[in-house]
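Reader: I'm new to reading protein models. Could you walk me through one, feature by feature?

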Amino acid sequence: MMLHKKIVLQDLESVDAELYKSLCWMLDNDITDIIYESFSVEEDRFGEKVTIDLKPNGRDIEVTNENKREYVELKTEWIISKPVEQQFKAFMDGFNELIPQELVSVFDERELELLIGGLADIDIEDWKKHTDYRGYQESDEVIQWFWKCVSEWEGEQRARLWSKKIHN
């Protein structure tokens, strides 16, 4: 969003993995007589259910195989950007006071994330100590191989794996 790029379905994966999977399934399958949705979403506002149209008169437009791509795009954009729209605008106003948008736009998403957050120094021993092996033990051969691989990686590779662990 900071780079003013179009929000796409893949962006939803780290926000709501279950919804992401559901929308992917919808795109990959025939939804006739299976999914009954309209181009609207329901929002809870202080205990009151409010219907919000994703496009004009959306509550009256049924999602079909022919228009499901548009529905997925609109729903994805709404889920990611609408709840934080005002906060994000305020953040960007302040951010752009310090760093003009022209300077930010030369970077891609990963470069910008690295510039803002830096490269995490991952403590492998601490990570090992706090890992829940669920059905395995630290002494198991496959676990030993895993930690051997991770210890041989560069910091950026470790940070990406650690980040995946946190987000999933």
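**A guided look at the model**

Author: Let's start with a residue in the segment before α1 (9-12): that is where His 4 lies. Helices (H or I, at least four residues) and strands (E, at least two) are DSSP runs, numbered from the N terminus. Residues are numbered from 1 along each chain as its sequence is written. This is a predicted model, so local features need pLDDT of at least 70 and side-chain atom pairs count only at pLDDT 80 or more, while totals for chains, interfaces and linings use all residues; side-chain values use heavy atoms, with hydrogens and water left out.

Reader: What is the phi of His 4?

Author: Here's the general idea: most residues other than glycine have a negative phi. His 4 is not a glycine, yet its phi is positive, about 55 degrees. Asn 57, also not a glycine, has a positive phi of about 60 degrees, and Asn 57 sits in the loop between β2 and α3 (68-81).

Reader: Is His 4 buried or exposed?

Author: Buried means under 20% relative accessible area, exposed means over 50%, and partly exposed is in between (1.4 Å probe, protein chains only). His 4 is exposed because its relative accessibility is 57%. Asn 57 counts as exposed too, at 53%.

Reader: How do strands β1 and β2 pair?

Author: Two strands pair if DSSP finds at least two bridges between them. Strand β1 (residues 40-45) and strand β2 (residues 48-53) run antiparallel, with 6 bridges. For Val 41, the bridge partner in β2 is Ile 52. The hairpin of β1 and β2 has 2 residues between the strands, and Phe 46 there takes a positive phi near 55 degrees.

Reader: Which residues does Gln 101 contact, beyond its neighbours within four places in sequence?

Author: Contact means heavy atoms within 4.5 Å. With those neighbours set aside, Gln 101 touches Met 2, Leu 3, His 4, Met 92 and Asn 96. Gln 101 belongs to helix α5 (residues 101-104), and it is buried because its relative accessible area is 17%.

Reader: How far is the backbone oxygen of Met 2 from a polar atom of the Gln 101 side chain?

Author: A polar contact is a pair of N or O atoms within 3.5 Å; within protein, one must be able to donate a hydrogen and the other to accept it, and residues adjacent in sequence count only if both atoms are side-chain atoms. Here the separation is 3.0 Å.

Reader: How many salt bridges does the structure hold?

Author: Side chains of opposite charge can pair when their charged atoms come close. A salt bridge is a side-chain nitrogen of Lys or Arg within 4 Å of a carboxyl oxygen of Asp or Glu. The structure has 10 of them. One of them joins Asp 53 and Arg 59, with the closest N and O atoms 3.0 Å apart. Asp 53 is partly exposed at 27%, and Arg 59 is partly exposed at 44%.

Reader: Where do Glu 152 and Lys 148 lie?

Author: Both are in helix α8 (residues 141-152), 4 residues apart, about one turn of the helix. Glu 152 is exposed, at 53%, whereas Lys 148 is partly exposed, at 48%.
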